[in-house]
Amino acid sequence: MKKVYGSAAEALEGVLSDGMLIAAGGFGLCGIPELLLQAIKENGAKNLTFASNNAGVDDFGIGILLQTRQVKKMISSYVGENAEFMRQYLSGELELEFNPQGTLAERMRAGGAGIPGFYTKTGVGTQIAEGKEHKEFDGETYILERGIFADLSIVKAWKADDTGNLMFRKTARNFNPPAAMCGKICIAEVEEIVPRGSLDPDKIHLPGIYVHRIVQGTHEKRIEQRTTRKREEA
């Protein structure tokens, strides 16, 4: 089965449609599938729901899809660094389902493992728990969270072979593995595609069984917050 595609647009062909639930990897601007997000923008698909830790910044990451009003709902844990995200949410233009960060990661992982729901103490007694089933275990109260089963997963990896085995570089191994697991179809953009058998099996972070399509490309690798100090005088 062919997994390697020539471009992000080609990899999305026949997969992308209006109204989809898309799980996107990345944390801030680290390890985000920037090429696939740009291709989604150019495709024009609308009324999309994204499950992602955050929405990038105003002009990068999911932020570019907020600018074009292609996103109707975000399932996220953080809305900072993106003024347009905050503006649309506060004005009622964008639906937002807040999730604690660990809960969001576990909802994705659970979906990938075929688990429809799980109980957690995180969020008990807060707005997060409103409308959710409560249950006691050993005298402690827990709330039921549902697994995320996405129509499409988009992730970014460092290396892949042509079967879809993925390696993530350092902190880019954040939401990418659980996001990749929970989609009916997973598309991975990578920096390098290496020959089959050249990856050390013990260093593969996500097996190719989860990955359906791969595209190689050049990435910008922006710095989200550049903090510097003046050089000391000699």
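In what follows, a residue is called buried under 20% relative accessible area, exposed over 50%, and partly exposed in between, using a 1.4 Å probe and protein chains only. The model is predicted, so to speak of local features we require pLDDT of at least 70, and side-chain atom pairs count only at pLDDT 80 or more, whereas totals for chains, interfaces and linings use all residues. Residues are numbered from 1 along each chain as its sequence is written, and side-chain values use heavy atoms, with hydrogens and water left out.

I turn to salt bridges, meaning a side-chain nitrogen of Lys or Arg within 4 Å of a carboxyl oxygen of Asp or Glu. The count is 15. One of them joins R196 to D162, with the closest N and O atoms 2.8 Å apart. R196 sits in the loop between β11 and β12 and D162 in the loop between β9 and β10, so the pair ties together parts 34 residues apart in sequence. R196 is exposed at 60% relative accessibility, while D162 is partly exposed at 31%.

Strands here are DSSP runs of E, at least two residues long, numbered from the N terminus. Two strands pair if DSSP finds at least two bridges between them. Strand β8 (residues 140–146) pairs with β6 (residues 117–120) in the antiparallel sense over four bridges, and Y119 has L144 as its bridge partner. Four bridges also join β8 to β7 (residues 134–137), again antiparallel, with K135 partnered by Y142. β7 and β8 form a hairpin with two residues between them, and D138 in the turn has a positive phi of about 50 degrees.
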